[in-house]
Amino acid sequence: MDKKTLLLSLSTIALSALCQAQWTDLVSDDFNSYSFGDQPGGNWYNTNAPSNTGGNDNVTNEEGGTNPYGVTLPASVFGSGNALYFYDLSDSQIARAGINFGDNSQSYDIVRASFDFSFAQLTSGTSNFGTICFTSADTDAFSGGTTHSVHISLFNDGKLGWTGGNLSVSDPTGAHTMDIVANGTDSNFSYTSLAGSGSVTLSAYSFDLYVDGVLVAASVGFTTPSVELGRFGIVTFGGTEGEFMIDNLETYTTTVPEPAESAALLALVVGLSALVLRRRRKL
Ligand SMILES: [Ca+2]
Ligand SMILES: [Ca+2]
């Protein structure tokens, strides 16, 4: 390996290591601290009181059963422990729950949400029955795209949809994983692919979607770029029925290196590489 090649490889390796996102934990919930039939508490925002309104979000467990309000909750498909079940048994009702990524009313430039999901029980038809969204920290309008940055549609036949694409989930009532990485800045953002090795570049004001560890949608533009990344939400609509289940929600943030910071890092790496080369020559 000649000097220039070595310098270039060292710089590339060091720079990619330095510039890759280090994820910092934000809010998470495995729902295991709640009792069967509860609504999740803490930072969770819920629409309805924990009663049978025909649409709600309630904690189920590995056995399922009838909750104190007379609603049958299916068993968690995610193994042992609790999961959160969104039921919507009436056209006129909605189920809606959301949680802020951070405390207070904070928003973040970059947010990643990873969780298990299942369509729980399929409802007939192909209607768009609900949405998964990222929205601002104080928004509780989870169904309207104008209030969303990230917007992923849920369909009755077990399909996920987004601007410009969709995915029919195979075995939709089984257990699956979803990862969403959202970039709320006006610059590209690079991170190590959640699908394994390699670097992914995510465009400004857009998100990547992984299902079962596979990148199924890259750099999907935010529905409304000005909406900040403050809250994760799921809603099922009035006007349709549909069911959904999640578990093991984990959210993270990281920072985008500033151009000045990257330039300083590059200078440092080049300097160190030159030093290494000089020492090698002396051997
Ligand atoms: Ca759980
Ligand atoms: Ca409904």
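Phenylalanine 244 touches Phe86, Phe117, Phe119, Ala120, Gly130, Leu154 and Ile234, leaving out residues up to four places away in sequence; touching here is a contact, with backbone-placed C-beta atoms within 7 Å. This is a predicted model, where local features need pLDDT of at least 70, side-chain atom pairs count only at pLDDT 80 or more, and totals for chains, interfaces and linings use all residues. Residues are numbered from 1 along each chain as its sequence is written, while chains are lettered from A and ligands numbered from 1 in the order in which they are written.

**Overall build**
- You're looking at two helices and 19 strands, taken as DSSP runs (H or I, at least four residues, for helices; E, at least two, for strands) numbered from the N terminus.
- Of contacts with a separation of 6 or more, 69% link residues 24 or more positions apart.

**Valine 235**
- Valine 235 sits in strand S18 (residues 231-236) and is buried because 27 other C-beta atoms lie within 10 Å.
- Beyond four places in sequence, valine 235 contacts Ile94, Arg96, Gly130, Thr131, Phe142 and Ser143.

**Glycine 79**
- Glycine 79 is in the loop between strands S5 (72-73) and S6 (83-88), and counts as exposed because it has 11 C-beta neighbours inside 10 Å.

Definitions and conventions. Contact = placed C-beta atoms within 7 Å. Buried ≥ 20, exposed ≤ 12 C-beta atoms within 10 Å, placed from the backbone.
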